Protein chains: 4
Amino acid sequence: MSREEIIQRISQDPFACFLGIELLELGQGYSKVSMIVGEQMLNFHGIPHGGALFSLADAAFAAASNSHGQTAVALSVGINYLAAVPVGTRLYAEATEESLGRRTALYRLAVTTEDNTLVALAHGTVYRKKEEWLAP
Amino acid sequence: MSREEIIQRISQDPFACFLGIELLELGQGYSKVSMIVGEQMLNFHGIPHGGALFSLADAAFAAASNSHGQTAVALSVGINYLAAVPVGTRLYAEATEESLGRRTALYRLAVTTEDNTLVALAHGTVYRKKEEWLAP
Amino acid sequence: MSREEIIQRISQDPFACFLGIELLELGQGYSKVSMIVGEQMLNFHGIPHGGALFSLADAAFAAASNSHGQTAVALSVGINYLAAVPVGTRLYAEATEESLGRRTALYRLAVTTEDNTLVALAHGTVYRKKEEWLAP
Amino acid sequence: MSREEIIQRISQDPFACFLGIELLELGQGYSKVSMIVGEQMLNFHGIPHGGALFSLADAAFAAASNSHGQTAVALSVGINYLAAVPVGTRLYAEATEESLGRRTALYRLAVTTEDNTLVALAHGTVYRKKEEWLAP
């Protein structure tokens, strides 16, 4: 299984596509994704819905944790909301590996604006299965 | 501001509508919402995206925490993923108030199937602002 | 390995003993422990230290998650602080099983006073190893 | 209120002293503390108790979040356990400010060994009260 195949599969993630999330970078235990906050992502207070911000962080999480080829499934995520942004804002989420164990791994997920304001910060733990998620 | 107005405003939440999330019940510090897992909510492993499950829990969270009339904004949420479900599954999320303080409040958010299997469990903290979010 | 042996081993947990934590009940996936808040458990604001409250919840967590005989080690815990109590207060922590999987399990950890005020609420995930922690 | 007074008060934190936790550094929104894992800090598996590791992280959290002079009280903390260490190990916990808002703030709490192995990683949110915790 080549890096190109992994990138292609992650780029076709249905929910990420539904939200307009793009995969910008993928490395070993690393990823960067982006999304523009649309009108349909607001909540009833008129600010971005927590679920939309979380989904962006989660897309980065899934990409980085599955970047090694081994199937990784999320066990838990904790997210902190730090700032609200207006509709039309381009957001980025960057996932970096805090720890990689045999069975579990931990990722830092930072959601920021173009000028690097921290909008949300999350940490997620995956369980690493024995199988590879793309047939070699 | 009447209960009907609160229900109407929450029911028109743009992101919840975008995901097909319906508000089934709203009480003081309580809510129940529902959503069917669509094809567009899967991730690249072919199971429901963590962001879609979180968004359902978050919709219940927002409804319950804003049910008192006072504006509540999410500070942090921790979610645990417990089971995967197939496309077409109807999911429910129920938010119950664990604690209601003057400035903060804590909610339990349980995502379940029709037969009550726990799919995800989350807890969320809100900051309670001084203003009412619907003009009286 | 008998239930009595498990109870004996858990009751001799060094850190729990150091803090005066007593095991009151142990069931399958369940435990209840207790501790009196001592002067040495305060922080520099003169209220119980977050670490002391957490440790009580954690003692309940360890007991309940290891109650099945299979070795369970903590992966992550999220705790919410809800109320402060004065020195001399007897606190209880009750651990209940939210979910028991083959490799992971999730527990609710509630710290309360005698009159059932919720002082702290936590949720913890364990990784369940293959071996039994007490030789059969 | 001078920095010396803040350092003195934090250094006399009863629970931190009880566990042998030392304040090594204190800056604006920053702190570093240290502790040696004693026999009394083990759990019934013979490894450091989650509560002991948490308490070290929490001591750093309290110091950093109260370093501005304004009273800060913990709302929630999420901790991930990453490695076990033997008795006698000197551990460090470093708290850095991820975000400082008017009413809340978020801190990263990293517990490491002398050779910089990440033993536990936590994030904590405080509520910032209006009063200063040391009379000016």
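1. **Basis.** This is a predicted model: local features need pLDDT of at least 70, side-chain atom pairs count only at pLDDT 80 or more, and totals for chains, interfaces and linings use all residues. Residues are numbered from 1 along each chain as its sequence is written, while chains are lettered from A and ligands numbered from 1 in the order in which they are written.

2. **Chains A and B.** Superposition is by least squares on the C-alpha atoms of residues with pLDDT of at least 70 in both copies. Of the interface residues of chain B, 100% are also interface residues in chain A, so the copies meet through the same surface.

3. **Chains A and D.** Chain A goes onto chain D with an RMSD of 0.0 Å, again by a turn of 180 degrees and a shift of 0.0 Å along the axis. Gly78(A) comes closest to the rotation axis among the residues of chain A, its C-alpha being at 3.5 Å. Here too, 100% of the interface residues of chain A are interface residues in chain D, so the copies meet through the same surface.

4. **The A–D contact.** Chain A and chain D each give 10 residues. Contact means that C-beta atoms, placed from the backbone, lie within 7 Å. On the side of chain A, strand 3, strand 4 (90–100) and strand 6 (118–132) give two or more residues. Strand 6 of chain A gives the most, with 4 residues. By class, this side of chain A has 4 nonpolar, 5 polar and 1 charged residues. Nonpolar covers Ala, Val, Leu, Ile, Met, Phe, Trp, Tyr, Cys and Pro; charged covers Asp, Glu, Lys and Arg; the others, Gly among them, are polar.

5. An open sheet of 12 strands has the order 1(A)-2(A)-4(A)-5(A)-6(A)-3(A)-3(B)-6(B)-5(B)-4(B)-2(B)-1(B), with antiparallel pairing. Its edges are strand 1 (22–27) of chain A and strand 1 (22–27) of chain B, each pairing on one side only. Neighbouring strands are turned by 20 degrees against each other on average, direction ignored. Strands (E, at least two residues) and helices (H or I, at least four) are DSSP runs, numbered from the N terminus. Two strands pair if DSSP finds at least two bridges between them.

6. **Pairing in chain A.** Strand 1 and strand 2 (residues 30–36) of chain A are joined by 5 bridges. Leu23(A) has Val33(A) as its bridge partner. Strand 2 and strand 4 of chain A pair over 7 bridges, and Ile36(A) is partnered by Arg90(A). Strand 4 and strand 5 (residues 104–113) of chain A share 9 bridges. A hairpin joins these two strands through 3 residues.

7. Helix 3 (residues 50–65) of chain C packs with helix 3 (residues 50–65) of chain D at about 160 degrees, axes 8 Å apart. That angle makes the two helices roughly antiparallel (over 145 degrees). Axes are lines fitted to C-alpha atoms, for helices over the stretch in contact, and angles run from 0 to 180 degrees between N-to-C directions. Among the residues that meet are Phe54(C) and Phe54(D). The contact residues divide into 4 nonpolar, 6 polar and 2 charged.

Notes:
Angles under 35 degrees count as roughly parallel, over 145 as roughly antiparallel, 65 to 115 as roughly perpendicular and the rest as oblique. Two residues are in contact if their C-beta atoms, placed from the backbone, lie within 7 Å.
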